[in-house]
Amino acid sequence: IVHSRGKEEEIIAEPCDSVTEDIERIAELLDKKDDVLSLSSHPVKTVRKDDTIVYAYEMMKKMKTSKIPVYDEMGYAGLITLEEIAEWSMHEHDKKDTVLSILTERKNERVLFIRKDASIETVMHSFESSLRHGTTLLAVLITAHGIKKERPEGIITVADLAKILSL
């Protein structure tokens, strides 16, 4: 990209290699319409409502994640976080307490389901839109058709955004 002005065709801007590379990288990222699954964490491990909270914590620790989806026979039932497990552990509790005891409905409004063929741009826009509305999207769950009854094939959280933006 070279701009010129006047009869003399005086050069007023020359492309910088690093800026050109960044622009090409961003354009390539936005053109990837069917690659959202490859940028997600997958396969997705889930827990059931009747699993113990201790088991859920062990799964999260093993996967090095702070969130894990909860599924039952009907499909998606919720999402639990390390923060909720920490709060539970601060009170008198029974190691046999189940995931169901810490699930909250309100938090589920902050989980989005998208189709596995959705664009990366859709995911990025969803996170940005939630921030503009004063909330934080906890997770984007990727399923075959973007519906709650389907098992998740991938998950994207705020922690994954740095990886996506660094491509």
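How many helices and strands does the secondary structure of the protein come to? The secondary structure comes to five helices and seven strands; helices (H or I, at least four residues) and strands (E, at least two) are DSSP runs, numbered from the N terminus. This is a predicted model, in which local features need pLDDT of at least 70 and side-chain atom pairs count only at pLDDT 80 or more, while totals for chains, interfaces and linings use all residues. Residues are numbered from 1 along each chain as its sequence is written, and side-chain values use heavy atoms, with hydrogens and water left out.

**Figure 1. Overview of the protein.** Along the sequence the elements follow the pattern β-β-α-α-β-β-α-β-α-β-β-α. Of the 167 residues, 37% count as buried (buried means under 20% relative accessible area, exposed over 50%, partly exposed in between, with a 1.4 Å probe and protein chains only). Among contacts with a separation of 6 or more, 61% come from residues 24 or more positions apart (contact means heavy atoms within 4.5 Å).

**Figure 2. Packing of helix α2 against helix α3.** The axes of α2 and α3 (residues 82–89) are 11 Å apart and form an angle of about 135 degrees; axes are lines fitted to C-alpha atoms, for helices over the stretch in contact, and angles run from 0 to 180 degrees between N-to-C directions. That angle makes α2 oblique to α3 (under 35 degrees counts as roughly parallel, over 145 as roughly antiparallel, 65 to 115 as roughly perpendicular and the rest as oblique). The crossing of α2 past α3 is left-handed, a term that applies if the near helix is turned anticlockwise from the far one by less than a right angle, with right-handed used if clockwise. Ile-53, Val-54, Tyr-57 and Met-60 of α2 meet Leu-82, Ile-85 and Trp-88 of α3. The residues of this contact divide into seven nonpolar, no polar and no charged (Ala, Val, Leu, Ile, Met, Phe, Trp, Tyr, Cys and Pro count as nonpolar, Asp, Glu, Lys and Arg as charged, and the others, Gly among them, as polar).

**Figure 3. Packing of helix α4 against helix α5.** Helix α4 (residues 120–132) packs on helix α5 (residues 158–165) at an angle of about 135 degrees, with axes 12 Å apart. Helix α4 is therefore oblique to α5. It passes α5 in a left-handed crossing. From α4, Ile-120, Met-124 and Phe-127 meet Val-158, Leu-161, Ile-164 and Leu-165 of α5.

**Figure 4. Surroundings of Asp-160.** Asp-160 is found in helix α5 and counts as buried, at 10% relative accessibility. Its side chain makes a polar contact with the side chain of Ser-41 at 3.5 Å; a polar contact is a pair of N or O atoms within 3.5 Å, and within protein one must be able to donate a hydrogen and the other to accept it, while residues adjacent in sequence count only if both atoms are side-chain atoms. Apart from neighbours within four places in sequence, Asp-160 is in contact with Ser-41 and Ile-155.

**Figure 5. The loop between α1 and α2.** Asp-51 lies in this loop, between α1 (17–31) and α2 (53–63), and counts as buried at 11% relative accessibility. The side chain of Asp-51 reaches the backbone nitrogen of Arg-48 at 2.8 Å. With neighbours within four places in sequence left aside, Asp-51 is in contact with Asp-97, Thr-98 and Val-99. Pro-43 is found in the loop between α1 and α2 as well; a cis peptide bond, with omega about -5 degrees, joins His-42 to Pro-43.

**Figure 6. Lys-64 in the loop between α2 and β3.** Lys-64 has its place in the loop between α2 and β3 (67–72). Although Lys-64 is not a glycine, its phi is positive, about 55 degrees. Lys-64 is exposed, with a relative accessible area of 77%.
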